[in-house]
Amino acid sequence: MLNLLPAARAYLPPSLRTMRSLLFTLAVLPFVCATQARAADGLSVFPSAVTLDGTGARQQLIVTETNGTALTDRTGEAGYRSSTPGVVVVSPGGLVTPVGDGDAVITATARGASATVPVKVRNAGAAAPVTFERDVQPILTRYGCNAGPCHGKARGQNGFQLSLLAYDNDFDFQAITAEARGRRVFPANPAFSLLLRKATGQAPHGGGKKLTEGSPEYRALATWIANGTPRTPANAPRLEKVTVFPESRLLALKAPQQLAVTAHYSDGSTQDVTNLAQFSSSESVYAAVGAAGEVRAGPIPGEAAVMARFAEKFAVCRVLIPLPKSVDAAVYEKLPRNNFIDGLVWKKLQQLNITPSELATDAQFHRRAYLDVIGRLPTPDEVRAFLADREPKKRERLLDALLERPEYADFWANKWTDLLRPNPYHTGMKATYNFDQWIRKSFRENKPYDQFVREIITANGSTFTNGAAVFYRNRREPDELTTMVSQLFLGVRLDCAKCHHHPFEVWGQDDFYSFAAFFGRIGRSGVGISAPISGSEEAVFLGSGTGRRGGSTVRHPLTGKEMTPTPLLGKPLDLSPDRDPREALAEWVTAPENPFFAKVIANRVWADLMGRGIVDPVDDLRATNPASNPELLDALATDFRKNKCDLKSLVRTICLSHAYQLSTTPNDRNASDLRNYSRHYRQRLRAEVLLDMVSDVTGVPERFEAMPAGSRAVEVWTARSQSVFLDSFGRPDPNQDPPCERTADTTVVQALHLMNSPNLYRKVTSDEGRCAELAKGKKTPGEIADELYLLAYSRLPTESERTKAVKRFEKPGATRRSATEDLLWALINTPEFVFND
């Protein structure tokens, strides 16, 4: 059956055809390929028609078999036949190349079905001019010549340096054609050019053989050299974007999928550049991709984003590999839907044929909610009361109560001090304390998040009186502030764009330094202006931009051009001299139409509560690191805006979802799922939370420098307060600059500390501690075991656990106190204690 498949992008409205829009809308749309193929079963071919212009033109065909809603790539196994070999030929892999002018038809046959594609060839005997930017640079990038491990690294390789991934065309042209007395190219005899001799292995080359003599790429380079190494004319069509087909695809386990990459130019012309594109996969274990663009699904279900990069542009194909056996749709329809989150999670699980785990028990949920919302364990009495409560909405009432407890502010402020707290060795203790107290006060007041961010970005005044102003005390230069603000509040990592075009994003140096211009006029006065003195006071204000105290203009490092403040993806702003550019920046950052702001905070809070971000890492939102569930991320961001950027409301919404309340125990269909929330993901608890838990269960508080007696670890305002426990469990180095993202990894050091720490031994064996109190009391060994399990695990022991615990008391030589101490120490040294289940 014949079904000519037009390009999938034609099914998208114009507003959704850019890569930036695709990042935020991909999952909202049905899989375009599947939608398109429902018209008729059989074979289809992309593109539906081919035009080849010039002797170097080519086109990669994609042959797809349609069976109901299932799409299967048959490009590699299909047979191809050209009706007129004198006009066009086609390789066994579906690559179409011209021979002579005229029209022809290519027939693709697979599995007893066929489809045809009309081909028009013109100018077959005329080679298009080969120029540096349009033709040569993509070849160097495709074969890794300007990659980081080769000539694109900081000092190049063996005296030959290129800009990383061809971000600086002028530099590269000079390096190839003029450096080393021009010996790298030899127009009089191109074959003797060092550029070609090394690439083909005819001369020693550390990078090995890259090209074959006679290949299209070799011929293009030789032609360029023979023609005198011409640059691309200024009026030549510009590369505007690249697209990849298909943009998304469901693949069976170990199934192939050929990709085709198309470059789109400003004059409306297109060119197949599959052979010149670089491909990479975000998750090679789920979907690996070869140099020619053939994706191969792995042996286990999952998903991956496959990036196709040509020149400085890129496109992404999203690949989903479901479990092989489908699940009855009724299973998903019957799943509970506490709020909008659940429906969107179940929708994604249905695509992957994954079924969620069972609901967590009341005891599991109770402990999880306490640790996630207020960062502390419930008391045994609180556990007993919750387990005895028969009210159907008791989980909802528990969350409402927890969100109003004072511990909420300290716990969530503790998370943000990692991201915002300055280096105390740079700013001094008083400024560090002021900033810490400002952050905690903001959370105690439940300050709307957009207001919280605006106050930081626009902060002025003394670092001794306005805590938010300390933000500008530690990071002083515009480029430093640019990377921090963009990463924290927008989820955009601009670091790479400081020196070159971002290899996996749309950002370039113009974007970076135009954003940095928002901070160019920051003025400072005080003791430590030229060299900050620890402990000195400093005032931040709007300067004139004419000197150190009044800030300075931001200039492009290559062109020297003075940069105008410009939002990302926006236009330069025309600001009056008396207006602080940071005010305009704060307005744009927090504006409802900003595509990043609400998403990154929703993703950050989701990761805190669910164990993994919808985008991971949480502050790296980009097309080549797509969300695992973009529709869910959009919905969370929309709901966050709807609730006036209320962080408590966001926490409550997530915790009330059925997805949050799932058990951590996997079933036979979700054991390998690590990013779709078919079960709750265990997290190792934060260092401060763990130390407070140890203090609570042992009944012996910790002592902290510069803190009142009885203070909790989450209340500590400076990382300079010494604690071997906190350092062992991942507290950031006090001399490390923020933002400090902690890892949840477990280490041998942590295990050894729990087993051997003198301080922990002191707490467990203290005469004023919990063990001594229980041993002196009248509880039976079984009741003591119950109490310790409630303290450490927030649940009663099983009968087997209780029996084993009681036997410890009956061991020869054991006393009530030694048995109690041994049991508590054993409970502390278990994953159930260290992890939030």
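Strand 21 (residues 461-462) and strand 23 (residues 538-542) pair in the antiparallel sense over 2 bridges, where strands are DSSP runs of E with at least two residues, numbered from the N terminus, and two strands pair if DSSP finds at least two bridges between them. The model is predicted, so that local features need pLDDT of at least 70 and side-chain atom pairs count only at pLDDT 80 or more, while totals for chains, interfaces and linings use all residues. Residues are numbered from 1 along each chain as its sequence is written, and side-chain values use heavy atoms, without hydrogens or water.

**Exercise 1.** Work out the strand order of the open sheet and find which strands stand at the edges.

*Solution.* Next, strand 22 (residues 522-526) is joined to strand 23 by 5 antiparallel bridges; here Gly-523 stands opposite Phe-541, and Ile-522 has Leu-542 as its bridge partner.

**Exercise 2.** Describe the largest nonpolar core and name residues that touch the most other members.

*Solution.* A nonpolar core is a set of buried Ala, Val, Leu, Ile, Met, Phe, Trp, Tyr and Cys residues joined through side-chain atoms within 4.5 Å, buried meaning under 20% relative accessible area with a 1.4 Å probe, protein chains only. The largest one has 145 residues, and those touching the most other members include Trp-416 and Phe-833.

Notes:
Helix = DSSP H or I, 4+ residues; strand = E, 2+ residues; numbered from the N terminus. Buried < 20%, exposed > 50% of the residue type's maximum accessible area, 1.4 Å probe, protein only.
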